[in-house]
Amino acid sequence: MADHVLAIDQGTTSTRAIVFDATGAVVSVAQREHEQIFPRAGWVEHDPVEIWTGTEWVIASCLSRAGLAASDIAAVGVTNQRETAVVWDKRTGRPVHNAIVWQDTRTQSAIDRLAAEGGGNRFADATGLPLATYFSASKVAWILDHVPGARAAAESGNLLFGTPDTWVIWNLTGGTRGGIHVTDVTNASRTLLMDLRTLDWSDELLEAWAIPRAMMPEIRSSSEVVGLSQLPSALDGVPIAGILGDQQAATFGQAAFDAGESKNTYGTGNFLLVGTGTEIVRSDSGLITTVAYRIDGQPARYAVEGSIAVTGSLVQWLRDNLGIIRRSEDVETLAATVEHNGGAYFVPAFSGLFAPYWRPDARGALVGLTRYVNKAHIARAALESTAFQTRDVIEAVLADTGRGLTELRVDGGMTRDDLLMQFQADILGIPVVRPKVVETTALGAAYAAGLATGVWRDLDELRAHWREDVRFEPRMTPDERERRYRLWKKAVSKSLDWVDEDARILMGTSGP
């Protein structure tokens, strides 16, 4: 019997394939980056064709490195960058436009118009989400309104929409030769188009955004067999049995299945999820309500989430835009050459501020500069900004629930940075716990797929796989912790109210 599971992790900066064995251990990994396209200030795009060809490559490479064939793979799980919108022609399989990435802010004027008519939370009761450029709906509407012929083609039933999971699965199951057009409840809950209670597309919301229902994928559970792969010579005939948005997948991979359990993922952005069980909990403190997962035949589980736009991507910005480091992993080495941030605080509001502020008018700010500050201080301030933003969302969890966290389980690429993890524990005043397997996003997708196909019996078996690696205990005094956090909050205040019409004209983003 096949007892390996392949996870496809289609992320913001790269696509990975990881094979896991029946103990949840990594057998092999393949990864390929894809281009980040910035046509204008605030615009972020990906080439969906590049993403799919990269997916094919990592699947074949990962299986080859492991010495495995399709017959050795029990199931495939797919996890993905959420909210990113892909629209393609089902007749040709070609995208009608580049994917518009979750970080993109081009639709702010449309968001402002809708908010002016009914407030920033006009759809929150149904969706759990505020009106924001972050989510998919405004991106789809923009493509239909700005790509010649797109709206007519959509209304004729010839265009399909999906987040990257949908695009990958459609191609993986045959594409124009009968590809399956599906997503799961976690990804659907990030579109501003699904009702959290019915777990179905809302006709009212589709009408508000002028998006034809025929474009929308079928919403399935996170753990169930949705179809068979048709990828020749690599995965032909293997069940696709797990679909989860990346942050929900990381929560699943951390075995945080129950109400009150949480995790924080450190990737391109940071995302804190706290489970609320079968209860839909509304936040009054800037968190969003989302679906955590759904196992086929069971009720959906929900969570509140603190979404932070820029953390790991700030390190990439230091590398690619400023050139002060050669590789992303060099940031820890550089930051460790100084004992503190030199008084510098970095607020990376490149796409505005997400949770708990939801301030699209904010922009990046580096404050507290003197001639004493050097590139090492800036590197340290960049890392510290990740920890400060995480405290912001944990403070929101405390305000909403009245209950603080006793420890923080962490995962994602940035958690390999011990300096950052120690500062995170210091600024929170609670232990930060890193697991043995930090690739919990891919692991969660594998778990979901393996559950649906009998590789694992139940959630208790998955809980038994979780192992602690390192526990970072706080060392900073309470007075110092609060002093630094007050300075961070002051820095945040300096980033607000930046974007106005003058700024839009200067950046070339004025207009529709």
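Analyst: Let's start with Ala309, which sits in the loop between strand E18 (301-308) and H10. Helices (H or I, at least four residues) and strands (E, at least two) are DSSP runs, numbered from the N terminus. This is a predicted model, where local features need pLDDT of at least 70 and side-chain atom pairs count only at pLDDT 80 or more, while totals for chains, interfaces and linings use all residues. Residues are numbered from 1 along each chain as its sequence is written, and side-chain values use heavy atoms, with hydrogens and water left out.

User: What makes Ala309 count as buried?

Analyst: Its relative accessible area is 4%.

User: Which residues is Ala309 in contact with, leaving aside its neighbours within four places in sequence?

Analyst: Those are Trp102, Gln103, Thr268, Gly269 and Phe354, where contact means heavy atoms within 4.5 Å. Ala309 and Gly267 are 42 residues apart in sequence, but 9.8 Å apart in space, C-alpha to C-alpha.

User: What other accessibility label does Asp200 get, and why?

Analyst: Asp200 comes out at 33% relative accessibility, so it counts as partly exposed. It belongs to strand E11 (residues 200-201). Not counting residues up to four places away in sequence, Asp200 touches Leu193, Met194, Asp195, Arg213 and Ile219.

User: How do you know that Asp497 is exposed?

Analyst: Asp497 has a relative accessible area of 60%, so it is exposed. You'll find Asp497 in the loop between helix H16 (478-495) and helix H17 (501-507). Its phi is near 60°, a positive value in a residue other than glycine.

User: Where does Ala210 lie?

Analyst: Look in the loop between helix H8 (203-209) and strand E12 (218-220). Ala210 has a positive phi of about 55°, although it is not a glycine. With a relative accessible area of 39%, Ala210 is partly exposed.

User: How many aromatic pairs does a search of the whole structure find?

Analyst: The search finds 21 aromatic pairs. Rings of Phe, Tyr and Trp (its six-membered ring) pair if their centres lie within 6.5 Å; planes under 30 degrees apart count as stacked, over 60 as edge-to-face and the rest as tilted.

User: Why is the pair of Phe252 and Tyr293 called edge-to-face?

Analyst: Their ring centres are 5.1 Å apart and their planes stand at 75°, so the pair is edge-to-face. Phe252 lies in helix H9 (residues 246-253) and Tyr293 in strand E17 (residues 288-293), so this pair ties together parts that are 41 residues apart in sequence. Phe252 and Tyr293 are both buried.

User: And what makes the pair of Tyr345 and Phe388 tilted?

Analyst: Here the centres of Tyr345 and Phe388 are 5.8 Å apart and the planes are at 35°, so this pair is tilted. Tyr345 is in strand E19 (residues 345-347) and Phe388 in helix H12 (residues 375-401), so the pair ties together parts that are 43 residues apart in sequence. Tyr345 and Phe388 are both buried too.

User: Why is H10 called roughly antiparallel to H12?

Analyst: Helix H10 (residues 312-322) and H12 pack at an angle of about 160°, with their axes 9 Å apart. That makes H10 roughly antiparallel to H12. The cut-offs are under 35 degrees for roughly parallel, over 145 for roughly antiparallel, 65 to 115 for roughly perpendicular, and oblique for the rest. Axes are lines fitted to C-alpha atoms, for helices over the stretch in contact, with angles running from 0 to 180 degrees between N-to-C directions. Leu314, Val315 and Leu318 in H10 meet Ile378, Ala379, Ala382, Leu383 and Ser385 in H12.

User: How do you know that H9 and H14 are roughly perpendicular?

Analyst: The axes of H9 and helix H14 (residues 440-453) come within 6 Å and cross at roughly 75°. H9 and H14 are therefore roughly perpendicular to each other. Phe252, from the edge-to-face pair, is among the H9 residues that meet H14.

Definitions and conventions
Buried means under 20% relative accessible area, exposed over 50%, partly exposed in between (1.4 Å probe, protein chains only).
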